[in-house]
Amino acid sequence: MDDRMHSRGSQETFTKAPAVPIDPDAIPPEPVRANFPGEEPPEGLRVGDLGPGTEAEPNIRQALLGEPFDDPVAPGSVRCVACAHRCVLRPGRTGICGVRQNRGGWLYTLVYGQVVVTKSEPVEKKPFYHFLPGSDAFSVATQGCNFHCSYCQNWQISQAHREGLVPSSRNVTPEEVVGEAVSAGVRSIAYTYVEPTVFIEFALDTMSRARAVGLHNIFVTNGYMTPQALDLVVPYLDAANVDLKAANERFYRRVCGARWEPVRDSIVEMRRRGVWIELTTLIVPGLNDDPRELRAMAEWIATAVGPETPWHLTRFQPAYRLGDLQPTPAATLREAAELAREVGLRHVYVGNAPEAEAATTYCARCGELLIARSDFEVTKWHLVEGRCPRCKHALAGVGLEDSPVAV
């Protein structure tokens, strides 16, 4: 759902799941807001096991954003309002994400500090091109996700609970994450690889400590947050790259098991509240590559988010249950980028396709080259105090005043 362990430059590789070709018209719609959409908890996470916060289960903590739900058939039910699924959980049940559970009438997170990824990498890999360009971010992730995209690049951790996998992990505190980030010399911490909303408690505790030592916080997210979750996160959130899957309800329901409207609303609200926004769309052949839909998506971005919003178009690589599909043709990526520019988007980038890559930032007013990149590194920097040296137009973004390269 978010920055990909394969397609955005990580060296990590995994064994592929069995490939199952999927016709988009054959994907059965999944009830998105069923009364009880949760699943039975996996062995070892059932009510009656060792309680939260014990030495045996340091990752089990009472969760934020849970509220009682009156169900006469199942007393003790709770509703989780961390994401727009708003799962109603009977005692013992876990939510769609697989990592939030009703234990004895209270909502718990099952992954507090149980991280599967901690590493430093260029912020351009997230991808962010207008936020602290040329700097490094310290990536953090647990397992679990509230989407189940058929083409997920990170399915081994995002869909672990569905696939019966147990990813390698280690238990860390927020203080330890921040300490590791400081030692790595990064400028930001990225909550990424899976949807960070599902581990919002650990993210928030880390974000507040990161802010205290001068680090920035960035989300790589599917945007499926509730207003309640945004209220908690936004005071500590500096930037978000939202994985914009498509701009229509049909795609979100059939391919992701979600809805388009909450994503749209989250993007607009974060932008309104001062969070720097970049958007990424993985173009999947036969699923979301229709030129008319891509044009409509670009028009929505230009009008609702702003014409200088960076839009990253990336190549699909066969993955998870779409292992038999072909990678996105370079011509499709080029056409999508051109459509976006035609409707007024000023900063359109193409990634994960060397023969079609477009990673250079140009002035939105006069077209002057401002930032050149190669392999996620800034190689040229022509900005002067964040402005075009020719026409003095300010480039939209954050942290553009100082050059990360010798000029």
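Me: Two strands pair if DSSP finds at least two bridges between them. Which residue in β6 stands opposite R100?

Reply: This is a predicted model, in which local features need pLDDT of at least 70 and side-chain atom pairs count only at pLDDT 80 or more, while totals for chains, interfaces and linings use all residues. Residues are numbered from 1 along each chain as its sequence is written, and side-chain values use heavy atoms, leaving out hydrogens and water. Strands (E, at least two residues) and helices (H or I, at least four) are DSSP runs numbered from the N terminus, and β5 pairs with β6 (residues 106-109) in the antiparallel sense over four bridges. Within that pairing, the residue opposite R100 is T109.

Me: Which side chain makes a polar contact with the side chain of T280?

Reply: T280 lies in strand β14, residues 276-283, and is buried, with a relative accessible area of 0%; buried means under 20%, exposed over 50% and partly exposed in between, with a 1.4 Å probe and protein chains only. A polar contact is a pair of N or O atoms within 3.5 Å; within protein, one must be able to donate a hydrogen and the other to accept it, and residues adjacent in sequence count only if both atoms are side-chain atoms. At 2.8 Å, the partner of T280 is the side chain of N241.

Me: Which elements are included in what covers the buried residues of α7?

Reply: The buried residues of helix α7 are W260, P262, V263, S266, I267 and M270. Contact means heavy atoms within 4.5 Å, and the cover includes α5 (227-233), β13 (239-243), α6 (249-256), β14 and α8 (291-305).

Me: At what angle do α7 and α8 pack?

Reply: The contact is made by residues of both helices, including W260 and I267 of α7 and W300 and A304 of α8. Axes are lines fitted to C-alpha atoms, for helices over the stretch in contact, and angles run from 0 to 180 degrees between N-to-C directions. On that basis the axes are 10 Å apart and the packing angle is about 40°.

Me: Which residue in β16 stands opposite T314?

Reply: β15 (residues 311-315) and β16 pair in the parallel sense over four bridges. From β16 (residues 348-351), V348 and V350 point one way and Y349 and G351 the other, and all are buried. The residue opposite T314 is G351.
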